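Let's take a friendly look at the aromatic side chains here. How do their rings meet?

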Amino acid sequence: MSSVPPNADPAIESAVTEAVAIGIPSALSDLGDLVRIPGIAWPSFDQTQLERSAEHVATLATETGVFDSVRVLRATIDGTDELGQPAVLATRAARGGKPTILLYAHHDVQPPGADELWETPPFEPTVRNGRLYGRGAADDKAGIMAHIASLRAVAEVLGDDLELGVSMFIEGEEEYGSRSFAQFLSDNVDALRADAIVVADSGNWDSETPGLTVSLRGNARFTLKVRTLDHASHSGMFGGAVPDAMMATVRLLSTLWDADGAVAVEGLTELDADTPEYNEATLRDEAGLLHGTSPIGRDSILSRIWNKPAVTVIGIDATSVEAASNTLLPEVTVVISARVAPGQTGEEAYAALESHLRSQAPFGAELTFSDVDLGNGFLVDTDGWAVELARQAMADGYGVDPVDLGVGGSIPFIADLVREFPAAQILVTGVEDPHARAHSPNESLHLDTFRHAVATEALMLTRMNEITL
């Protein structure tokens, strides 16, 4: 690989930057059209909307004029005959010895949740105070449009001089666990093979400062059923002598954390890595921490979020408040989601969690584990040519030097990319800022961040076009 070109043609870069600026209104209009399509991969939602979403993305990709081929494809799940959700695969072969870049994003979105928690309808894009509100406006339909808008600008300026190989993979089930992702890679390995991969599904340091994600936590999610009785019993007749499942569940779950709220599970590891300055006031602002509620854990705040494990109970099946009666519950079911420190596998973390819970089961409660979903974390090799090129493009696109970020969330499919394409350099970028509220009501995209992200990617593609392998 040659070195990164020290300077691309200033006139070309200026023209690309201008084309980006002119194209932003159209890109935001197209983003609004995508947000209006409620494409959710959960089977309980209308799956025709997800098909509409994929077809719309395919049309946008075709209209760039960049690709030789654009297809909507599905892959099977775990070797079964069941098909995964529709994905878009667009390809363009490299010419003149130029590298190939793979651009990733996903078109499926999280369910909106309760409509009353939204200030405006979740699938009606609304602009206010410099932000575009709507489900998927940030995660991750803005990632799709960052790819599309940057390709439009580069193609307009370079024309036939665009020799860079470009593949674009827009997944349709990232929010539903990427169940067919590994098979999709295997089925389309030649079309997806690239020298660098841009995963546009992360965030930035703040709305003005770009971030390059260099570490991600893994995940271990599972369902736990706690059972103490073979049938419900009267709480007045037997309470005080018989442990009900809720009591056992509360006692058991409390053992997962110590008095400071730090994870107290033997066998879960931590990553020893420095973190930037980040104070409690910023945490309170970005997370919405209530006044009087203290943070949990120990050491620097970002080390707790980026480098240490976290355990959260994200769901529970028990008698609702409305249906509450004087009854000892025979069983309670919870869903536990653990974020795993970079460097530890999801399998190791799950084994530690299961061992801990079984050893701590109170009153001999019967435990059943099911629906285990595991993913590994990710650490970027920051010495590669593509990483340096990406940092330069971010500095120019945003006008501010980027920050190397760890991310507390997980993108488990990156491990599949690393396995299938070990020589590729993986760049985890994004258009979100800390106030995007992805996965939450009132999700939004900061419009200036989007503009800078498109300019960054367009400059990066332009400069990659100057590289000869």
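## Ground rules

Rings of Phe, Tyr and Trp (its six-membered ring) pair if their centres lie within 6.5 Å; planes under 30 degrees apart count as stacked, over 60 as edge-to-face and the rest as tilted. By this rule the structure holds eleven aromatic pairs.

This is a predicted model, where local features need pLDDT of at least 70, side-chain atom pairs count only at pLDDT 80 or more, and totals for chains, interfaces and linings use all residues. Residues are numbered from 1 along each chain as its sequence is written, and side-chain values use heavy atoms, leaving out hydrogens and water.

## A tilted pair between loops

W42 and Y176 form a tilted pair, because their planes stand at 55 degrees, with ring centres 5.4 Å apart. W42 sits in the loop between α1 (10–35) and α2 (47–63) and Y176 in the loop between β6 (165–171) and α4 (181–187), so the pair ties together parts that are 134 residues apart in sequence. Helices (H or I, at least four residues) and strands (E, at least two) are DSSP runs, numbered from the N terminus.

W42 is partly exposed at 26% relative accessible area, and Y176 is partly exposed at 22%. Buried means under 20% relative accessible area, exposed over 50%, partly exposed in between (1.4 Å probe, protein chains only).

## A stacked pair and its cluster

F169 and F184 are stacked, with 4.5 Å between centres and 0 degrees between planes. F169 is buried at 3%, and F184 is buried at 3%. Y104, F169, F181, F184 and F413 form one aromatic cluster.
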